[in-house]
Amino acid sequence: MSDADRERTRWFLRTILPHEPALRGWLSRAAPSGMDPEDVIQEAYTILAELETVEGIRHPKAYLFQVARSVIMRHVRRARIVSIHAVDDLERLDHPDDDASPEQRTIDRDELRQLARAIAAMPLKTREAFVLRRVRGLPQREIAARMRISENTIETHISRGVLFLIDWFGRGGNRRSQTSKYAEPEIAPRDGETRHQSRH
Amino acid sequence: MAKRDTSRDIDQAASQWTARLDRGPLTAEEEAGLQAWLGGDPRAKGALLRARALSMMSESAQALGEGFDPVAFEAIVAPPPGRSRRQALLWAGGATAAAALAALGVGVATAGTVVRTRRGEIRLTPLEDGSSVLLNTDSRIRIRYDRGERRVALLEGEAYFSVARDDDRPFVVEVDGRRLTTSQAGFRVRRLDRAPVEVLVNQGRVDVAGGKPGLALAANSRMALSGPAAGRPQRLAPETVTRELAWRDGKLAFEGEPLGEAAAAFARYSDTTIEVRDPVLAREPVTGLFAANDPVGFSRAVARVFDARIEVERHGVVLTRAPAS
């Protein structure tokens, strides 16, 4: 990742991502039917990724909502099937409720602790690979050697771990009801050793 | 018309690319594939940004330390509904509970549990009320909760407190005979040798008592509790706060500090010393984010920037000016 990329990613992580649950909540009420909030969120992020600079952004939450709104408007105009009335509603939704800042709301949710919980909730093999990569900092190649599975499989586990975090943190942290859908089969057949996998 | 990918498909692909990038540099062919994917859907770039941001965030998992045991952690932080943590520990089985205690340094909240870290260690200690303490290197706290107060004494070192809201039961940090009280806040308290005792508030509000007069510290401010500047709150830029708290991610952040000072900062985290032999070199300003447990890596980076000579000896690193050529 180039320095500029890293900087933008860090900015996004610190100033935008904490507002995602609020944005999702607003979109689920405000977005015209037939428009998936998840699509709008991804497209809004694309706009943020493509900005030349983010230096001028003083109110990231308001800015994010504004960008999301522009995404909706663009789709509405393109579709040309939404009534004027719907557009009018959108105009009125111009000012999403700017309640407590996420800092205030997440104050007791120590990020590291959330992360530890998220990792703890990952499927077995994915968790093992993820812990070796992120907690111990081993390169993927080395993890493959340790776990005696291919580097490609390790890559798949890491990608599952990332996807897991997207769900975990995007939906406002630790919603256990969400975790059940990860009870999917392991990539490699279970070999009986996995029960003790977390101790080395 | 081809079926449009769902946002879930896009997230999946973004996660795969993130994992691929994490593995190592892309081949030319893969790079072309990535660019094609990014250009193929207006949601792709945004999804990749989010996936990489979360991957970056997960780098802070290193702060959980080598002893981190997710299984034990799960047992401790997610007791089944209707059971207290104490019961949960019993329920989880003696061995698991013992492992959890060893891994996390969590005492079942009895009176006067002491938690400490060794040099170079960072340890997260969840507390029974949902608050937590992140202990920096070489630090020691005593936890004493009772019905009226959630009390933690900082005996030495540095700790970051994330306090869960409870208006009826104040959270009190005792340090050096002073009481720092809050109902909800995120703040850092530091008690180091040869430096003033200091409190820095990141979020919420902290009341400082035991001095004259009592004071309330708001977010983004700090105050010394001893030394020449004691009692005078100082406003901080959010960037400064982030930098001051970089150790929570196992990092040290500098912005223009003299090299000598930066080198000394590393000494807190490792037995490997950095000795700067040249006084002019020692005054060179250092800027950047470095892994706190890698003094040698830091020295190498510094040597490259300042054109210094580096010698790695048994107990440490020596930096000298390269002779003029």
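Author: Two strands count as paired when DSSP finds at least two bridges between them. This is a predicted model, where local features need pLDDT of at least 70, side-chain atom pairs count only at pLDDT 80 or more, and totals for chains, interfaces and linings use all residues. Residues are numbered from 1 along each chain as its sequence is written, while chains are lettered from A and ligands numbered from 1 in the order in which they are written.

Reader: What makes β17(B) and β18(B) a pair?

Author: There are 5 bridges between β17(B) and β18(B), residues 316-321, and the rule asks for at least two, so they pair. They run antiparallel. One of the bridges links Arg309(B) with Thr320(B). Strands here are DSSP runs of E, at least two residues long, and helices are runs of H or I, at least four, numbered from the N terminus.

Reader: Why are β15 and β17 of chain B said to stand at the edges?

Author: In chain B the open sheet runs β15-β18-β17, with mixed pairing. β15 (273-276) and β17 (308-312) each have a single partner strand, so one side of each lacks a neighbour in the sheet.

Reader: How do you know that helix α10 of chain B packs on the sheet?

Author: Helix α10(B), residues 295-306, touches β15, β17 and β18 of chain B; contact means C-beta atoms, placed from the backbone, within 7 Å. The direction of α10(B) makes about 155 degrees with that of β17(B), on a scale from 0 to 180 degrees between N-to-C directions of lines fitted to C-alpha atoms, for helices over the stretch in contact.

Reader: How many residues does each chain bring to the contact between A and B?

Author: Chain B brings 55 and chain A 44. On the chain B side, α3(B) gives the most, with 12 residues.

Definitions and conventions. Contact = placed C-beta atoms within 7 Å.
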